[in-house]
Amino acid sequence: MATDAKRPKTDDENWVLDPLKNFLQWCASVKLTLSDKVYLSKEGTVAEYGMLAKEDIEEGHVLFSIPREVLLHQATTKVKKVLEEGKKSLESASGWVPLLLGLLYEYTCPQSHWKPYLSLWPDFRTLDQPMFWSEEEREKLLKGTGIPEAVETDLKKLQDEYNNIVLPFMKSHPDLWDPEKHTLELYKSLVAFVMAYSFQEPDEDEEKEPNPPMMVPMADMLNHISKHNANLEYTPECLKMVSVRPIEKGEEVFNTYGQMANWQLLHMYGFAESFPTNSNDTADIQMSSVYKAAVQAAQSDADQKLLVDKWNMCEMEIVGEEGVFVFGQSGCLTYSELYTTLKVLSMTVQDFEVFRENEGWEEDEEDEDDQMEQALSFDGLLGLSAEWKRLLHAAAALTLDSYSEDVETDRRRLEELSSRERRALHVRYGQKSILQRLQQLTKKS
């Protein structure tokens, strides 16, 4: 009688034992070509998987090429016909529902064409975006960063999307989906999977709706840093990962997910670059903090009334829906909105009346874009008027007060933290450092 040790292993057992080997065999079978100069590994990389250089690689080298039919999206999944027929009922604010329904089907289908690819994530436990943290943990570690609010919005939207769109659609196709198996919890994991691993093909026509996300096997194995050494290129036949600078033997190959601040990386992908390596890091100052800073200086009832009128004008005409002013490593990135806000808040009664009657400035009074950018760069802040500096200094102080701990405490704790604590700290510390620099450059002489 054959023993269990000699029994040939099933496909499922092989996928569990060596998912990376099975994935690479599948890649070869679907004509996904990998350069001989690179290899995938779980060792020597910054995350669970990554790509390393076997030898020196020159700029412009094609690291791998993926035929378009290998991509997993709503038009390639086995349930594409059903998704196309139900297109109208699957519309949502995210635009992700068709892909997510396709993933629900493919992820739980033993015969899925993408089984070797999806088996790289057997239970999604490696996904650790803040949406999987407890509410208490998010509040404790990420207060002031903007992430807890973004996560609350995400969780509410995905639950509404599942209950109001996905669940009714699945119930109308019981031969393809089963709510007992395709649960809200699995849907949440797949939303996180799409957040962290999907790609959106850029479209030159900015007037068009953005392209829906798609899963790109192999490309999603590469990790991100702001100073990346590879980039994904799109052609009609295939997608190619191409080196954008020379890569040395043993060096990790890094893609870019775009110009993303640490709070965005942690929110969407579950990681943050170590401070101060992220050249794209930013800190937000809420519009309301600038208003509170202005209130602190309004001494009389007349000043308060004028401030309310000015602020209503700023809210309606200048700042827009976001309600934040964004600062990067070199100064304010939303300089036009902030410059105009400061200018309005500093107006005399007479100047404001003229401004309001004219519904803005005359053309010859408008400030040049580069003038505003320079004035609100960190190099230009010292040249601002005392009133503008006071407003910015006070707004930065109010923003720093919104974090759970001060910047010095964060600095001392950097070496003694858990993984989640460390990632959260890199987000907080990066933001606070930008705000602290703003404070230093706008303090009273």
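**Aromatic pairs in a predicted model**

**View 1. A cluster of aromatic rings.** Phe23, Trp26, Tyr107, Tyr117, Trp121, Phe124, Phe193 and Tyr197 are joined into a cluster by ring pairs. Rings of Phe, Tyr and Trp (its six-membered ring) count as a pair if their centres lie within 6.5 Å; planes under 30 degrees apart are called stacked, over 60 edge-to-face, and the rest tilted. The model is predicted: local features need pLDDT of at least 70, side-chain atom pairs count only at pLDDT 80 or more, and totals for chains, interfaces and linings use all residues. Residues are numbered from 1 along each chain as its sequence is written, and side-chain values use heavy atoms, with hydrogens and water left out.

**View 2. The pair Tyr257 and Phe271.** The search of the whole structure gives 18 aromatic pairs. Tyr257 sits in the loop between strand S10 (252-255) and helix H9 (262-269), and Phe271 in the loop between H9 and strand S11 (283-286), 14 residues apart. Helices (H or I, at least four residues) and strands (E, at least two) are DSSP runs, numbered from the N terminus. Tyr257 is partly exposed at 22% relative accessible area, and Phe271 is partly exposed at 23%. Buried means under 20% relative accessible area, exposed over 50%, and partly exposed in between (1.4 Å probe, protein chains only).

**View 3. The pair Phe275 and Tyr429.** The ring centres of Phe275 and Tyr429 are 4.6 Å apart and the planes lie at 70 degrees, so this pair is edge-to-face. Because Phe275 is in the loop between H9 and S11 and Tyr429 is in helix H17 (residues 419-442), the pair ties together parts 154 residues apart in sequence. Phe275 is partly exposed at 31% relative accessibility, whereas Tyr429 is buried at 8%.
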